[in-house]
Amino acid sequence: MTGVRHLYVHLPFCSSRCGYCAFVVETGGLDRRDAYVDAVLAEIHSEREHLGELDTLYLGGGTPSLMRPRRVGRILDALSKYLAADAEVSMEINPETVDRAALRAYRAAGVTRASIGVQSFRPHLLEALDRGATAEQARAAVECAQDAGFASVSVDLLFGVPGQRPADLEADIGVVRELAPEHVSWYELEIKPGTALERMGMLPPDEDESADAYRRVVDVLEEAGYRWYETANFARLGFECRHSLGYWHAHDYLGVGVGAVSTVAGRRWRNAAGVDAYIAAAGEPARTGEELDDDLRRRERWMLALRLEEPIDLEQLGAPDHPEGLEQLRDHGLIGDDPLALTREGRFVQNSVLHRLMEYA
């Protein structure tokens, strides 16, 4: 069977919008969940010619755990004929939306990897981020997920949160080390235009403070046995997120659901926003699309590849726009030889390395 091996399903419903959120979400309207699943299944059917044997399936949002196990089970049952025997089936989970029974039900439905959106275990930071969960609920959700039998439990956190002090970061690090999940995603907070934090005039911490926090996260997690395999992602050996690796290796992927993006055979398209319109479209949502020329794909491969702890394969990536930059970066200790790869210091300034090598509009 040939075709796309990575599928993303967007489940947009949320109880409320977090202060930093710029994603396609729908607050309220939970009475439309069944109709939304019908529309998702109709879109999957209409796109079936693109689907190969799926190595990964990712249920993202939004708050997928608001869909409840019955609806998630409908989606997984419909996709069962496409899923490889060892497929990774990831699902994003907000701590306040689950209990022990729900997590076991998601596992029984076929979810293999639980991604818990914690963001912080510090109450005042959760409040600053407009998160719905308490620190106690966040911890309990991780512990219950670990008891539910998932093959992997991942915890998502943020640093660079307004009001986050070094002691807060150390406290979050301590809880993560104690819980010892298989995977940790730890991102720097971005205050994006149009978000509540941006409208409030909230500013991120000083750049040096954020850089110190990032180094501290990397150092401690590596010491604890995690592999820093991507800019913001850490895993115990063998527990890397295979779905995300598909993106970072520039593989084709299909996205279904409101606002979802697909990249297949040199073409990229995005489903329109709006849950009501998506449901009414019954599997044929309005879209915008573009053809991806060779230069754009080459630059994207470089952008994605430099995020990974992997050698730079010039034959696979193509030549950088500024090949002379490779030697300059070697001289500054940011790229090493044998193999050609970012050094540890280079990984901390990966974005600067990228812009030294590549042109971006």
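In this predicted model, helix α8, which spans residues 207-223, gives the most to a negative surface patch, contributing four residues. The patch as a whole is formed by E188, E190, D206, E207, D208, E209 and D212. One of these residues, E207, has its place in helix α8, and E207 counts as exposed because its relative accessibility is 70%, where exposed requires a value over 50%.

Charged side chains also occur in pairs elsewhere in the structure, which holds 29 salt bridges. In general terms, side chains of opposite charge can pair when their charged atoms come close. One of the salt bridges is formed by R32 and D276, whose closest N and O atoms are 2.5 Å apart. This pair links distant parts of the chain, since R32 lies in the loop between β3 (26-27) and α1 (33-46), whereas D276 belongs to helix α10 (residues 275-281), and the two residues are 244 residues apart. With a relative accessibility of 18%, R32 counts as buried, because this value is under the 20% cut-off.

Other salt bridges are formed within a single helix. In helix α11 (residues 294-305), D295 and R298 are three residues apart, which is about one turn of the helix, and the closest N and O atoms of their salt bridge are 3.2 Å apart. D295 is partly exposed, with a relative accessible area of 41%, whereas R298 is buried, with a relative accessible area of 13%. A salt bridge is likewise found between E327 and R330, with the closest N and O atoms 3.0 Å apart. E327 counts as partly exposed at 42% relative accessibility, and R330 is also partly exposed, with a relative accessible area of 25%. Both residues lie in helix α13 (residues 324-331), again three residues apart, or about one turn of the helix.

Strands β12 (residues 261-264) and β13 (residues 267-271) run antiparallel and are joined by four bridges, with V264 standing opposite R267 of β13. The hairpin that these strands form has two residues between the strands, and within this hairpin A265 takes a positive phi near 55°.

Most residues other than glycine have a negative phi, and most peptide bonds are trans. Against this background, D130 has a positive phi of about 60° although D130 is not a glycine. D130 lies in the loop between α4 (123-128) and α5 (135-147), where it is partly exposed, with a relative accessible area of 34%. D338, which is not a glycine either, has a positive phi of about 55°. This residue is found in the loop between β15 and β16, and D338 is exposed, with a relative accessible area of 77%. D338 is moreover joined to P339 by a cis peptide bond, for which omega is about 0°, and P339 is found in the loop between β15 (335-336) and β16 (341-342).

A cis peptide bond also joins G61 and G62, with omega at about 15°. G62 has its place in the loop between β4 (51-61) and α2 (68-79), and at 16% relative accessibility G62 counts as buried. Although G62 and F13 are 49 residues apart in sequence, their C-alpha atoms are 5.2 Å apart in space.

Definitions and conventions:
Residues are numbered from 1 along each chain as its sequence is written. This is a predicted model: local features need pLDDT of at least 70, side-chain atom pairs count only at pLDDT 80 or more; totals for chains, interfaces and linings use all residues. Side-chain values use heavy atoms; hydrogens and water are left out. Two strands pair if DSSP finds at least two bridges between them. Patches are made of residues with over 30% relative accessible area and no salt bridge: like charges are joined within 9 Å, nonpolar side chains (Val, Leu, Ile, Met, Phe, Trp, Tyr) within 5 Å. Accessible areas come from the Shrake-Rupley method with a 1.4 Å probe; for residues, only the protein chains shown count as cover. A salt bridge is a side-chain nitrogen of Lys or Arg within 4 Å of a carboxyl oxygen of Asp or Glu. Lys and Arg count as positive and Asp and Glu as negative; His and the chain ends are not counted. The place of a charge is taken as NZ of Lys, CZ of Arg, CG of Asp or CD of Glu. Buried means under 20% relative accessible area, exposed over 50%, partly exposed in between (1.4 Å probe, protein chains only).
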